[in-house]
Amino acid sequence: MTELKNDQLAIRIAEKGAELISIINLDSGWEYMWTADPSYWNRHSPVLFPIVGSIWDGKFRVDGSEYSMSQHGFARDSEFELIEKTTESVFYRLTSNPETKQNYPFDFILEIGYKLSGKTIEVIWRVKNESDRWIYFQIGAHPGFCYPGFDPSEEIKGYLLLDTKDNRFQYSLIGEKGCLSKEKPLTMELDNHLLPVKTDSFDKDALIIENRQISKVSLLDKNKSPYLTVRFDAPVLGLWSPPHKKAPFICIEPWYGRCDSTGYQGEFKDKDWIQRLQSGAVFEASYFIDIDC
């Protein structure tokens, strides 16, 4: 485990999954990250790679050959190597190996970094194509944030402030076998860009918001005071909390990819929101967590 610390925040990262597991405000002592209590959800902030979400029947195809992979891919359960640490940043690396190639037939290097500056954490992803052919992948975030002042007896847990162009956004739901529903996208109407998060908001599972409709989400407390903000440039956003559990946290998830559409049986390279890298090329993306109080 590695810690980065300044005069405002302390963050901790585990080598398993290169997972951010703690953000503590040194003035208030508040913990912002979900604690991984298994009675709700046993993770903090896993990185999703080389898939985001579920694939139909747990299988995908590359050049006609079939492979198996569980939801969200293997990176979150892999041991990463610490490759760089300074007073302000830390980087980890996962390299393809015979074990990963049993389920994902590409040569890659995945680097995950964290930079701490004031009350902002930048999360950095780099994917390097180490093969002599194109590789295909998805990558995404799954950070869980504690609700400020959580009270399980209250219907409203907090609010989300969304930077939509209009006071609405379109979203899809999870359908059969954890894949995207075939139903037409739904529309969520907002009140001055605010979405109240209620006890039953995620009883139908995640809200999947595509096409860069949103690039900034702020979590507000029940008095509509700012708590934290997640900023990103990802094309897909997931919002999730465990269904039917009145869980004391919410996940705000920037994704470069998403689950399969229900019934998808095409080639991996033709999946929706797939990322493509030619030989020797590097994909790099970041998202930011701003602590607002």
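**Notebook: strands, rings and cavities**

I started with Asp163, which at 30% relative accessibility counts as partly exposed (buried means under 20% relative accessible area, exposed over 50%, partly exposed in between, with a 1.4 Å probe and protein chains only). Asp163 sits in the loop between strand S14 (156-162) and strand S15 (168-173); helices (H or I, at least four residues) and strands (E, at least two) are DSSP runs, numbered from the N terminus. I also looked up its separation from Ser218: 55 residues in sequence and 8.8 Å in space, C-alpha to C-alpha.

This is a predicted model, in which local features need pLDDT of at least 70 and side-chain atom pairs count only at pLDDT 80 or more, while totals for chains, interfaces and linings use all residues. Residues are numbered from 1 along each chain as its sequence is written, and side-chain values use heavy atoms, with hydrogens and water left out.

**Sheet**

I traced an open sheet of 9 strands with antiparallel pairing, in the order S7-S8-S9-S10-S24-S20-S19-S14-S17. Two strands pair if DSSP finds at least two bridges between them. At the edges I found strand S7 (81-85) and strand S17 (194-198), each pairing on one side only. From one strand to the next the twist averages 20°; axes are lines fitted to C-alpha atoms, for helices over the stretch in contact, and angles run from 0 to 180 degrees between N-to-C directions.

I then went through some of the pairings. Strand S9 (residues 108-117) and strand S10 (residues 120-129) are antiparallel and share 10 bridges. Leu110 has Val127 in S10 as its bridge partner. S10 also runs antiparallel to S24, with 9 bridges joining them. There, Trp125 has Ala285 of S24 as its bridge partner. Strand S20 (residues 226-232) pairs with S24 in the antiparallel sense over 5 bridges, and Thr229 is bridged to Asp290 in S24.

How many residues of strand S24 are buried? I get 7 of the 10 in strand S24 (residues 282-291), so this strand is largely enclosed by the rest of the structure.

I checked one residue of S8 as well. Ser89 lies in strand S8 (residues 89-95) and is buried, with a relative accessible area of 8%. Ser89 and Ile21 are 68 residues apart in sequence and 15 Å apart in space, C-alpha to C-alpha.

**Aromatic pairs**

A pair of aromatic rings is described by the distance of the centres and the angle of the planes. Rings of Phe, Tyr and Trp (its six-membered ring) pair if their centres lie within 6.5 Å; planes under 30 degrees apart count as stacked, over 60 as edge-to-face and the rest as tilted. The count by this rule is 25 aromatic pairs. I picked out Trp34 and Phe249, a stacked pair at 4.4 Å centre to centre with 20° between the planes. Trp34 is in the loop between strand S3 (19-25) and strand S4 (47-48) and Phe249 is in strand S22 (residues 249-256), so the pair ties together parts that are 215 residues apart in sequence. Trp34 and Phe249 are both buried.

**Backbone entries**

I noted a cis peptide bond from Phe49 to Pro50, with omega near 0°. Pro50 belongs to the loop between S4 and strand S5 (59-62).

His193 is in the loop between strand S16 (186-189) and S17 and is partly exposed at 22% relative accessibility. Trp273, also not a glycine, has a positive phi near 60°. I place Trp273 in the loop between S22 and strand S23 (275-277), and at 26% relative accessibility Trp273 counts as partly exposed.

**Cavities**

I found 2 cavities of 30 Å³ or more. On a 1 Å grid over the protein atoms alone, a cavity is a set of points where a 1.4 Å probe fits but cannot get out, and lining residues have an atom within 4 Å of a point. Grid points are joined across faces, edges and corners, and a volume is the space filled by probe spheres set on the points.

The largest cavity has about 50 Å³. Its lining includes Lys157, Phe202, Asp203 and His244, and by class holds 4 nonpolar, 3 polar and 4 charged residues (Ala, Val, Leu, Ile, Met, Phe, Trp, Tyr, Cys and Pro count as nonpolar, Asp, Glu, Lys and Arg as charged, and the others, Gly among them, as polar).

The second largest cavity has about 30 Å³. Among the residues lining the second largest cavity are Leu20, Tyr114, His142 and Tyr287. I list this lining as 7 nonpolar, 2 polar and no charged residues.

Definitions and conventions. On a 1 Å grid over the protein atoms alone, a cavity is a set of points where a 1.4 Å probe fits but cannot get out, and a pocket is an open set with protein on both sides within 12 Å along at least five of seven lines; lining residues have an atom within 4 Å of a point.
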